[in-house]
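Dear colleague,

I am passing on the structure that we talked about, with my notes below it. Please read the notes with the model open beside them.

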Amino acid sequence: MTAKPPPALKIEGLKKSFHGRPVLDGVDLSIPKGSIFTVLGPSGAGKSVFLKCIAHVIVPDAGRVEFEGRVLETHDRASRADFRRRCGFLFQGNALFDSLTALENVALPLEQTTNLPAAAIRERAREALRQLDIADFESHHPAQLSGGMQKRLALARAIVTHPDIVLFDEPTAGLDPLRRNAVFAMIAKYRRRLDFTALVVTHDVPEALATSDRVALLGQGRIAFEGAPVEFASSNDASVAAFRDSTAALRETLRSLETGEAL
Amino acid sequence: MISHVGRTFLGLVEGLGHFAVFCAGAALSPWKTRKLGSRILRAVHEQGAVCLPVIVVVGVFTGLVLGLQGYHVLSRFGSEGLLGTLVSLSLVREMAPVLAALMLVGQAGSALAAELGIQRNSEQIAALDTMGVNSLGYLVAPRLIASVLIFPAQAALFTVVGLWGGALSGSLLLGVDSSVYWAAVERAVEYRDLWECFLKAAVFGLGTISICAYMGFHADRHSSAAGARAVSACTTRAVVLSSIAVLVADYVLSSFFIRP
Amino acid sequence: MEFLVGVFVLLSLAALAWLTVKVGRGNLPDGETYLVESRFANAGGLHAGSMVTIAGVTVGRVEDVRIDPVDFSAIATLRLLTALRLPTDSMASIKTSGLIGDRYVALSAGADESFLKPGDRITLTESAVDLESLIGKVAFGSVDKESPKPNPTP
């Protein structure tokens, strides 16, 4: 939260529609280097599509993405390859390879994209597992790990290539409130330890506000709000208030359910 | 009605084009993949070792039934001595490459389509792409390379066990002299027949495995269903289309090879 | 996994080796060969690869069957073992193995003092018996009739 470093990622006019229905309708964002930037939005607002367009898993219809000042063109393979080398992606469902062990999962990106000797690859993969405190499970298969450990394993795989930016697609989807907190704490902790820019999309408002440096709200295919977490919490903007209230109401219902069960 | 036919046709052409692009991508991808050897080894295991029992069982029974039927037809003309000719030429030219390919489609091809379909569904393929790993080179190319080697090998195994199956029913159970049977086999089959067998098998292998891989790899593309339904739909389509492709390709190849 | 793959590879190699040994043995026994030609009025059923025998023993193969564009007779090229020197007055006849079996060329050695040289032509030949029409005649009981009726009564 110092002055203003040059943006790690600059997105302009990103558009994508499916079957004639626009999902992203001109998204402009600028992600400061070294920050945790969270894009909030209700389910179905196109948050995942937004992230996948940046990573080019989905090809956007229009718009440009700039990574550290270099434009990523669809047909410019060199710039795309360079971006992929320096970008980690944490998928909503973790996307771990279930036929490989934890260690093999983490080693895979190094094996396939670098010329490091096998021993060095294993060492770096072990290091990534250690950093995420799952070193004891290196020979387990993903299915044998708990949800939280799978998430950490997926993060280990995303950071093993020492990326400059990591994209988090709904990192808390399907987790209980306790684990949600843990995941955001994990993102904050490892971002500090490993020094990358984190771009998170989620609909968990309180956790996001607590850990992010900056937040934005995606609604109707555009950025409806962008600012510091404090500004988001106190904003009078109609769409922000509506989103805040809807999640707060949901949360209230859940809390009463939980306490009801506890008693 | 007419517009429906037109749309279906255009969809078919587009699908064919998409498939061709997929195959071209897979053909160019091995050079971008590291540790290709261990991936091919895994594919050899999938298509070779895992499918061995079914190939042996089907091969033996094919030989047995060829011996049985052949014996009863030939004995009408007093030509039981030609049983070896009948069994060996049927096996080498048609049965071994076709039936082995169909069995491999059923066992390895369906598994491949389902596995890739699940990997597409759970975003594992997207994950490879974001890592900068060529997903075609990592997932598809090793299977295709393996298929060119494995299908002929399986056809050879099928032929051998089939010949023994024919010997079993023809000479052990029905009483054709075993040396007459084997002499007829040796006389009938030429190296050209073996080449026909292996070439057919390699073509079937490449064709079916690329169809199965394509269906799984793009499980999300061809169906309105999603999730588990999409995987089951893509597996069904993969098996049905591959089986048809085997039989069509067999007819075309046979008509090139046919001779007195 | 490696072990199973190894088993599979070994089995395939064994199958291949066995097939290679078993198959194509209808070919000639080892030895140098030479070509002679023989002319038949009717070479029906004879094709490249058909056997050539003397006294029932395989001594060669038919290399090629083609038509003489001048007199429309069939010319069969035979590949024979060099070790086997055939008198020039040997006879080549087309026979059938079994009732419906393959056609082959049976040679019967002559008594001449001189021998056939590579490229020579066997002049004494006996054409294929048109077994099919013969069977037809026997089966339909119309050997004596000029032309068999479509549905003759026995």
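A polar contact, as the term is used here, is a pair of N or O atoms within 3.5 Å, where within protein one atom must be able to donate a hydrogen and the other to accept it, and where residues adjacent in sequence count only if both atoms are side-chain atoms. By that rule, eight residue pairs are in polar contact across the interface of chain B and chain A (both at pLDDT 80 or more).

Please keep in mind that this is a predicted model, in which local features need pLDDT of at least 70 and side-chain atom pairs count only at pLDDT 80 or more, while totals for chains, interfaces and linings use all residues. Residues are numbered from 1 along each chain as its sequence is written, chains are lettered from A and ligands numbered from 1 in the order in which they are written, and side-chain values use heavy atoms, with hydrogens and water left out.

The interface of chains B and A

The contact (heavy atoms within 4.5 Å) takes 17 residues from chain B and 23 residues from chain A. The two chains bury about 1800 Å² between them, 55% of it on carbon and sulfur atoms; buried area is the accessible area (1.4 Å probe) that two parts lose on being put together, summed over both. On the side of chain B, Arg34(B), Thr130(B) and Met131(B) lose the most area to chain A, together 37% of what that side buries. There are two salt bridges across this interface, a salt bridge being a side-chain nitrogen of Lys or Arg within 4 Å of a carboxyl oxygen of Asp or Glu. Glu111(A) forms a salt bridge with Lys35(B), with the closest N and O atoms 3.4 Å apart.

The interface of chains B and C

Of the two pairs of chains in contact, chains B and C share the most contacts, whereas chain A and chain C do not touch, their nearest C-alpha atoms being 13 Å apart. Here 27 residues come from chain B and 21 residues from chain C, and the area buried is about 2400 Å², of which carbon and sulfur atoms give 81%. The count of salt bridges between chain B and chain C is zero, and the rule likewise finds zero residue pairs in polar contact there (both at pLDDT 80 or more). Helix 6 of chain B gives the most to the side that touches chain C, with nine residues; helices (H or I, at least four residues) and strands (E, at least two) are DSSP runs, numbered from the N terminus.

Chain C itself has two helices and eight strands, which follow the pattern α-β-β-β-β-β-β-β-β-α along the sequence.

Salt bridges within chains

Over all chains, the structure holds 35 salt bridges. In chain A, Glu138(A) pairs with Arg126(A), the closest N and O atoms being 2.5 Å apart; Glu138(A) lies in the loop between helix 4 (118-131) and helix 5 (147-159) and Arg126(A) in helix 4, so the pair ties together parts that are twelve residues apart in sequence. In chain B, the side chains of Arg42(B) and Glu115(B) meet in a salt bridge (3.1 Å, N to O), and this pair links distant parts of the chain, with Arg42(B) in helix 2 and Glu115(B) in helix 4 (residues 83-121), 73 residues apart. Finally, Lys33(A), Glu68(A), Arg70(A), Asp82(A), Arg86(A) and Asp164(A) are linked in a network of salt bridges.

With best wishes
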